[in-house]
Amino acid sequence: MTETVHHHRPTLKQKNKHFKSKHATKSSLKEVAKGRTQRQSPKARPSANAAAQLRTNRRNNAKQAQLKKRQSLVSATRIFSGTDGAPRIVAIVPLTEDVKAREVSSRLAQSIDATLEEGSEAGLQRLRADRFKTSLQFIPLPYRQTYAALDACKVADYVVFVLSPNVEVDQWGDTLLRTLQAQGLPEVVTVVSSDEPMESKEKSGVMKSLLSFIQYFVPSQSRVYDMHHGTDALNTVRALCEGKPSDVKWREGRSYILGEKVDWADGLLSVTGVVRSAHLSANRLVHLPNFGDFQVAKIVSAPLPKHSKSGHASGMDVEPQLLAEPDESSADSLVSSNDPDDLANEQTWPTEEEMQGATNGHDASEEIPDANLGTTPKTVRKIPKGMSEYQAAWIIDESDEEGEDADSREGDDGEVEMEDEEEMVEIQPEDTEMETEGRGSVAFQELDAEEEERQLQSWRNRKREEEDDTAFPDEIDTPLDVAARTRFQRYRGLRSFRTSPWDPYENLPRDYARIFQFEDFKRTERAVKRRAEEEAGVEPGTRVTLYLKDVPKEIAQVVPGRPFIVFSLLQHEHKKTVLNFTVQRNTEYDGSVRSKDPLILCVGPRRLRVNPIYSQHLRGGGKGANNAHKFERYLRHGVTDVATIYGPVVYGKQPCTLLRETEDPQAPELVAMGSFLHPDTTRIVAKRVILTGHPFKIHKKTATIRYMFFNAEDVEYFKPIQLHTKYGRTGHIKESLGTHGYYKAHFDGPMSQMDTVCMSLYKRVYPKWSQLWKEEPITEPEADAMEE
């Protein structure tokens, strides 16, 4: 028998080359393409006819783009065309002490051989530039006047920064530049002015240094002009007269007037100036910085007398005409907040039969017995029927609000002190009146040395408290002399801060009854802007006299060096609501910024005195499942937070700045800057406190915890709330041990002796009511010295 030999399969097989065909079937081509469609590459060389067509299209597109750009330039500068047109507003801001704004304006006038026309009251200067067929209106600002510079740059078409070759820009000038940068700058021109011209050897280095300095704040600057050089002065005037003013986004859709003449008679304030930016409607309210909102009585034309070719004004005067009057049916009212009726939900007065029946059916056993000394309060707080003790704890009355204010002013250690005192006040109401009277009179009493020293030490410890809060966020010690269930009775426990339900309309404070809420703010904003565009009004570029009614006489006192400006408001912008701003700390400000610290908010044309509260800003600006956001005690560097206040409605992404007052009223500190987010009244700002305990004994997943509570009743009260540790364990309280606050807790994993047991409690906090900020009158240096 022949043996069969087993042959292994060869490792290499012959593979024939696939057949390639240029004439494949349609089905095979579709299968290879897998849905892709063929298109001609744009880089492929077209035919001669197609190339000519593309060349013609490119030339036509370039011509259309050029024509469109030219039309936009003409439309933007149309109101400035001609010497009798609207003047270009130029704010001259000196950044050092040795330069003068009026010297710069006079040198600019000398460069074109023209004369300056001085204004009568407001200190404005007008320059007729016949060479460039336009006119300029200068606002010469004095040095170290922050708010006047901010107001002037709000209405200016150009800003001229005046630098010195001899004196460096100080801290005030640096802060002003940062504030203007955050507020929004129009077109900027930088000049150098001094008493003596610079030496030729040093001029090149000085000009390069100044250009590098100003480019840090305004990167678009390409050169700095020297006012002692005739060609540079002429080029400065050319840049102001022939350029196109850059648009400031937040001014779009808002009309404003720079007051050239201000008069008052019988409660009517008349402001004469040129309407800018948008149509001016008599039905809308207007805002005067430092003074508030007012209604328009009428708008009358105020044309200037015509100038002849020789430059002299003709003797013919033009009669003023009535341009617009408010419509009573559609004009905005001055009502900014609701007036809540405290008796709206109260029951009616009982009839005599009901009172008689209540007297006859009186049961002596239902009377509340007298309390033993030191056990229960002398007065009993009445709550609605069916409301639990936990819900009653959320009712905020006047004493609670006072406690909130005190809570925000104290640190972690001081916070415990103030809230302990607050809770003791709530238990014994008769002491509340005495304490309230004392609080109201503290500001008018001279403090003794010990109290003065204590307050000074508290102020110096703010930096240390902020560092402690950074290292141990939201952690506080349970007080020994007050029960924890009393101290934290307005707090609640949440299983999940992001997803646990929280009713945004639960136990709201009285201020929420005064504000307005929008059903759909974005839709309202679009409708308001659409109506503003459709509504007929006075066209931009028209010189008018605006009459405002019910204006105090003090407002008509124009201070030289401080421009008088009028801003028109959109519909509903006078009504108060909850405003949220995204803010960031100024990198150059080193002080601590705590929630509810008094600050000055500059947003749009307004300046408000506010006490904002800060909260976390979720990534992407989302709300989360329950719209709850954690309260931040401090505004920290490098973090974007949300500042919440009560204030008038704001439309659009308007920039905002937060300033802090100093001893010098004209040198505030720039604390933060940001932009408007939304007016969300349902946004919950929840303050968190963390009670910490120490694991005394540990047996695997069970541990005995101490130092979180100091009596057994507190353990039973907080038993339903979940526990967590710094090492990531979660657990719950099983039972109380003894009478000193020890308890046994069970966790989801083995415990470590180095771990710390925490319990998070939350309560909703609210900002304070904002007020209009009013600038102090400018006084002379001699008067300041006498006051000191």
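How many helices and strands does the protein have? The protein has 18 helices and 31 strands, where helices (H or I, at least four residues) and strands (E, at least two) are DSSP runs numbered from the N terminus. The model is a predicted one, in which local features need pLDDT of at least 70 and side-chain atom pairs count only at pLDDT 80 or more, while totals for chains, interfaces and linings use all residues. Residues are numbered from 1 along each chain as its sequence is written, and side-chain values use heavy atoms, with hydrogens and water left out.

Two overall values describe the chain. Of the 788 residues in the protein, 44% are buried; buried means under 20% relative accessible area, exposed over 50%, and partly exposed in between (1.4 Å probe, protein chains only). Among contacts (heavy atoms within 4.5 Å) between residues at least 6 apart in sequence, 77% join residues at least 24 apart.

The packing of helices may be followed through two pairs. Helix α4 (residues 146–155) packs with helix α5 (residues 171–183) at an angle of about 30 degrees, and their axes are 11 Å apart. Axes are lines fitted to C-alpha atoms, for helices over the stretch in contact, and angles run from 0 to 180 degrees between N-to-C directions. The arrangement therefore makes α4 roughly parallel to α5, given that angles under 35 degrees count as roughly parallel, over 145 as roughly antiparallel, 65 to 115 as roughly perpendicular and the rest as oblique. The crossing of α4 past α5 is right-handed; this term applies if the near helix is turned clockwise from the far one by less than a right angle, and left-handed applies if anticlockwise. From α4, Thr146, Ala149, Leu150, Cys153 and Lys154 meet Trp172, Leu176, Thr179, Leu180 and Gln183 of α5. These residues of the contact of α4 with α5 comprise six nonpolar, three polar and one charged, where Ala, Val, Leu, Ile, Met, Phe, Trp, Tyr, Cys and Pro count as nonpolar, Asp, Glu, Lys and Arg as charged, and the others, Gly among them, as polar.

In the second pair, helix α3 (residues 101–111) and helix α7 (residues 230–242) pack at an angle of about 95 degrees, with axes 8 Å apart. That angle makes α3 roughly perpendicular to α7. Here Arg107, Leu108 and Ser111 in α3 meet Ala233, Leu234, Thr236, Val237 and Leu240 in α7. The residues of the contact of α3 with α7 divide into five nonpolar, two polar and one charged.

Attention now turns to salt bridges. A salt bridge is a side-chain nitrogen of Lys or Arg within 4 Å of a carboxyl oxygen of Asp or Glu, and by this rule the count comes to 31. One of them joins the side chains of Arg284 and Asp332, at 2.8 Å from N to O. Arg284 lies in the loop between β10 (268–276) and β11 (286–288), and Asp332 in the loop between β13 (322–324) and α8 (352–360), so this pair ties together parts that are 48 residues apart in sequence. Both Arg284 and Asp332 are buried, Arg284 at 11% relative accessibility.

Arg284 also forms a salt bridge with Glu535, with 3.1 Å between the closest N and O atoms. Because Glu535 lies in the loop between α16 (521–534) and β15 (543–549), while Arg284 is in the loop between β10 and β11, the pair ties together parts 251 residues apart in sequence. Glu535 counts as partly exposed, at 24% relative accessibility.

Within helix α16, Glu525 and Lys529 lie four residues apart, about one turn of the helix, and form a salt bridge whose closest N and O atoms are 3.2 Å apart. Glu525 is buried, with a relative accessible area of 9%, whereas Lys529 is partly exposed, with 35%. Elsewhere, salt bridges that share partners join Asp474, Lys630, Glu632, Arg633 and Arg688 into one network.

Individual residues complete the account. Ile705, in strand β26 (residues 702–706), counts as buried at 0% relative accessibility. Not counting residues up to four places away in sequence, Ile705 touches Gly693, His694, Pro695, Gly741, Tyr742, Tyr743, Ala745 and Val757. Ser277, in the loop between β10 and β11, has a positive phi of about 75 degrees although it is not a glycine. Ser277 counts as partly exposed, at 40% relative accessibility.
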